[in-house]
Amino acid sequence: MNTIVQHLHTVHDRIATAARACDRHPDDVRLLAVSKTKPAADVRSAYAAGQRRFGENYVQEAVDKIAALKTDCPDIRWHLIGPLQSNKSRLVAEAFDWVQSVDRLRIAQRLSAQRPGNMRPLNICLQVNVSAEDNKSGLPLDQVEALALEVSQLPGLCLRGLMTIPEATDNSDKLRTQLLELKQLFDRMAEKYPQMDTLSMGMSNDLELAVACGSTLVRVGTAIFGSRNP
Ligand SMILES: *Cc1c(COP(=O)(O)O)cnc(C)c1O
């Protein structure tokens with residue numbers, strides 16, 4: 001078995017163990033394989049083992065990879081999880097299935113307008129800055145509902161959920177408090193927007209905690225593909 005395939009099994013086991021530990025069904029937590037900086041061959045290995053959701057951070061790198069894999073891996077669902085500049089929005093609207101890093105109306109409007117009419121609406125998560133750190137992407141918690149109202153009315157988009165990258169801290173109580181705050185907001189909003197089914201939180205190092213706090217989609221790079229060169 002190749003290393004990536006072994007790592008995928010390990011990550012699935014971690015997710016299942018974490019889910020059972022809090023009386024959740026393992027299938028209620030999906031896995032996004034974060035393949036940023038990794039070659040298309042690595043995506044192929046994971047694909048051959050059944051992985052279908054992949055996350056990328058850098059638009060040009062992603063667009064090249066998507067094109068390279070289009071024929072052999074036609075049913076990959078590509079998620080943009082990195083910051084998005086307006087001048088790249090058309091490329092994203094034409095190539096991706098999901099954008100998890102929407103944190104302002106202007107970019108949402110552009111993505112909606114640029115989504116080709118023959119494609120399904122682009123799935124959107126609003127990125128939330130749960131730790132209220134300066135210089136970090138994401139909306140403050142108290143602005144999420146106002147943006148959701150606007151985004152939910154854009155015809156080229158489908159509002160699917162919320163995403164966060166929590167503070168890099170070893171203080172797991174603090175982390176838990178932040179993740180649970182987002183979970184509460186998510187539950188409240190999901191009552192209003194029935195298509196909202198995705199709470200994207202948890203990465204290689206903190207996926208167990210994120211699952212315990214209600215994550216439905218963990219984004220895992222290093223634990224599948226190995227460490228990245230800076
Ligand atoms: C890189 C990245 C990940 C994956 O992080 P790992 O620690 O390698 O699992 C998840 N989410 C976002 C937004 C990222 O940029």
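Not counting residues up to four places away in sequence, Q100 is in contact (heavy atoms within 4.5 Å) with L32, H79, L80, I81, C125, L126, Q127, M163, S200, L217 and R219. The model is a predicted one, in which local features need pLDDT of at least 70 and side-chain atom pairs count only at pLDDT 80 or more, whereas totals for chains, interfaces and linings use all residues. Residues are numbered from 1 along each chain as its sequence is written, and side-chain values use heavy atoms, with hydrogens and water left out.

Q100 lies in strand 4 (residues 98-102); strands (E, at least two residues) and helices (H or I, at least four) are DSSP runs numbered from the N terminus. Because its relative accessibility is 0%, Q100 counts as buried, a class defined as under 20% relative accessible area with a 1.4 Å probe and protein chains only. The side chains of Q100 and S200 are joined by a polar contact of 2.7 Å. Such a contact is a pair of N or O atoms within 3.5 Å; within protein, one must be able to donate a hydrogen and the other to accept it, and residues adjacent in sequence count only if both atoms are side-chain atoms.

C125, one of the residues touched by Q100, is likewise buried, with a relative accessible area of 0%. The structure holds zero disulfides, defined as pairs of cysteine sulfur atoms within 2.5 Å. For C125, the closest cysteine sulfur is that of C158, which at 10.0 Å is too far for a bond. C213 is buried at 2% relative accessibility, and its sulfur is 8.8 Å from the closest cysteine sulfur, in C22, again too far for a bond.

In helix 3 (residues 59-69), the buried residues are V59, A62, V63, K65, I66 and L69. They lie on the same side of helix 3 because they cover an arc of only 165 degrees around the axis, taken from the directions from the helix axis to the C-beta atoms. Their cover includes helix 2 (40-48), strand 2 (53-56), strand 3 (77-80) and helix 4 (89-95).

The largest pocket has a volume of about 460 Å³. Of the 24 residues that line the largest pocket, I165, M203, S204, D206 and R219 lie nearest its centre; R219 is also among the contacts of Q100. A pocket is here an open set of points on a 1 Å grid over the protein atoms alone where a 1.4 Å probe fits, with protein on both sides within 12 Å along at least five of seven lines, and lining residues have an atom within 4 Å of a point. Grid points are joined across faces, edges and corners, and the volume is the space filled by probe spheres set on the points.

Technical notes. Buried < 20%, exposed > 50% of the residue type's maximum accessible area, 1.4 Å probe, protein only.
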